[in-house]
Amino acid sequence: MGIRAAFELQLSKSDPRDGFDDLIWQSLSAAAGSSKHPWNLGAISTVNCRDELAPTPASRMVVLRSADPQRRFLDFHTDARSNKLDELHSHDAAKPLAWLFWESSTKIQLRMRGTASIIDGDEADQAWQQASLRSRSAYLSLAPPGVATDAAQPPDTSDREVSMEESERARENFRIIRTTILSVDWLY
C-alpha cells in the first residue's frame, strides 16, 4: 500500500490518532529500505554555533539508512570530517538535530526533532561492511566535504573507481549519526 493510501485509511478511522505513531514508523522503516520511497531522502538540520553573529540552522539532504520504531532511532551516514559533526560537537550535552520528510503527491510533511549521537566502532564497522562500493566512494575524497575547489570535479574523483578492497581506506572517514526522536509533527 502506498503512503497516500495508508495515511488516508488511517484518517478514515473513528480515532485516527490511534495507531498513527505506528503508521509513521512503519513508513519510515519502509523508507530506510527503499530508495524509491518518498521518505528515503530527508533534510536534517543542525545548529551552526560558529557564526559570529548568532547560531544559525544548517540544513542538508541525507539518505535515511535505518529506522528503529522500538527505540525511536533514525540513522544516516556521514563523513567524519563534515561540518555536521562540528555542529553536533559544539553542544556539550544534548546534540539537537531535526529531520524533515516530504511526500509531494500527498503534500504530507513529517517533522521530527531529537538528539543525535555519533556512532563509530563495531556498529559502524557492520554498516560499512554492508555499504555498496558506490556508497563507500563518497568517503574517498582527500579533502573534507565542503572544501572549495577550482577544479571541474571534486578532488581525486578519478580515484573513486576502486575495488571493495581498495575502498577500505575510506572507512576512517565513515560515521553513523543516530537521532533519538523526541517529538513528531505531521502535517497533511
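**Entry 1: Lys-84**

I started with Lys-84, which sits in helix 3, residues 83-89. Helices here are DSSP runs of H or I with at least four residues, strands are runs of E with at least two, and both are numbered from the N terminus. Before going further I noted that this is a predicted model, where local features need pLDDT of at least 70, side-chain atom pairs count only at pLDDT 80 or more, and totals for chains, interfaces and linings use all residues. Residues are numbered from 1 along each chain as its sequence is written, and side-chain values use heavy atoms, with hydrogens and water left out.

Does Lys-84 count as buried or exposed, and how far off is the nearest side chain of opposite charge? I found Lys-84 buried and without a salt bridge; that nearest opposite charge belongs to Glu-87, 7.6 Å away. For the record, buried means under 20% relative accessible area, exposed means over 50%, and partly exposed is in between, with a 1.4 Å probe and protein chains only. A salt bridge needs a side-chain nitrogen of Lys or Arg within 4 Å of a carboxyl oxygen of Asp or Glu.

What Lys-84 does have is a polar contact from its side chain to the side chain of Thr-78, at 3.0 Å. I count a polar contact as a pair of N or O atoms within 3.5 Å; within protein, one must be able to donate a hydrogen and the other to accept it, and residues adjacent in sequence count only if both atoms are side-chain atoms. Setting aside residues up to four places away in sequence, Lys-84 touches Ile-44, Arg-60, Phe-76 and Thr-78, where contact means heavy atoms within 4.5 Å.

**Entry 2: Thr-46**

Arg-60 turned up again when I looked at Thr-46: the two side chains make a polar contact at 3.0 Å. Thr-46 lies in strand 1 and is buried, with a relative accessible area of 2%. Its contacts, leaving out neighbours within four places in sequence, include Thr-56, Pro-57, Glu-87 and Leu-97.

**Entry 3: stepping back**

I then looked at the whole chain. I counted 6 helices and 7 strands, in the order α-α-β-β-β-β-α-β-β-α-α-α-β along the sequence. The C-alpha trace spans about 55 × 45 × 35 Å along its principal axes. Of the 188 residues, 38% count as buried. Among contacts between residues at least 6 apart in sequence, 66% join residues at least 24 apart.

**Entry 4: charges and salt bridges**

I found 22 positive and 27 negative side chains, with the centres of the two sets 4 Å apart. Lys and Arg count as positive, Asp and Glu as negative, while His and the chain ends are not counted; each charge is placed at NZ of Lys, CZ of Arg, CG of Asp or CD of Glu. How many salt bridges does a search of the whole structure find? It finds 13, and I looked up three of them.

Arg-4 pairs with Glu-8, their closest N and O atoms being 3.2 Å apart. Both are in helix 1 (residues 3-11), and because they are 4 residues apart, about one helical turn separates them. Arg-4 is partly exposed at 39%, and Glu-8 is partly exposed at 37%.

Next came Arg-175 and Asp-120, bridged at 3.4 Å, N to O. Arg-175 is in strand 7 (residues 174-187) and Asp-120 in the loop between strand 6 (108-119) and helix 4 (122-130), so this pair ties together parts 55 residues apart in sequence. Arg-175 is buried at 16%, whereas Asp-120 is partly exposed at 38%.

Then I checked Glu-123 and Arg-178, with closest N and O atoms 2.4 Å apart. Glu-123 is in helix 4 and Arg-178 in strand 7, so here too the pair ties together parts 55 residues apart in sequence. Glu-123 is partly exposed at 34%, while Arg-178 is buried at 8%.

**Entry 5: Pro-38**

Last stop: Pro-38, in the loop between helix 2 (20-32) and strand 1 (41-48). Pro-38 is partly exposed, at 33%. Which residues does Pro-38 touch, not counting those up to four places away in sequence? They are Ile-3, Trp-102 and Glu-103. Pro-38 and Trp-102 are 64 residues apart along the chain, yet their C-alpha atoms are separated by 7.1 Å.
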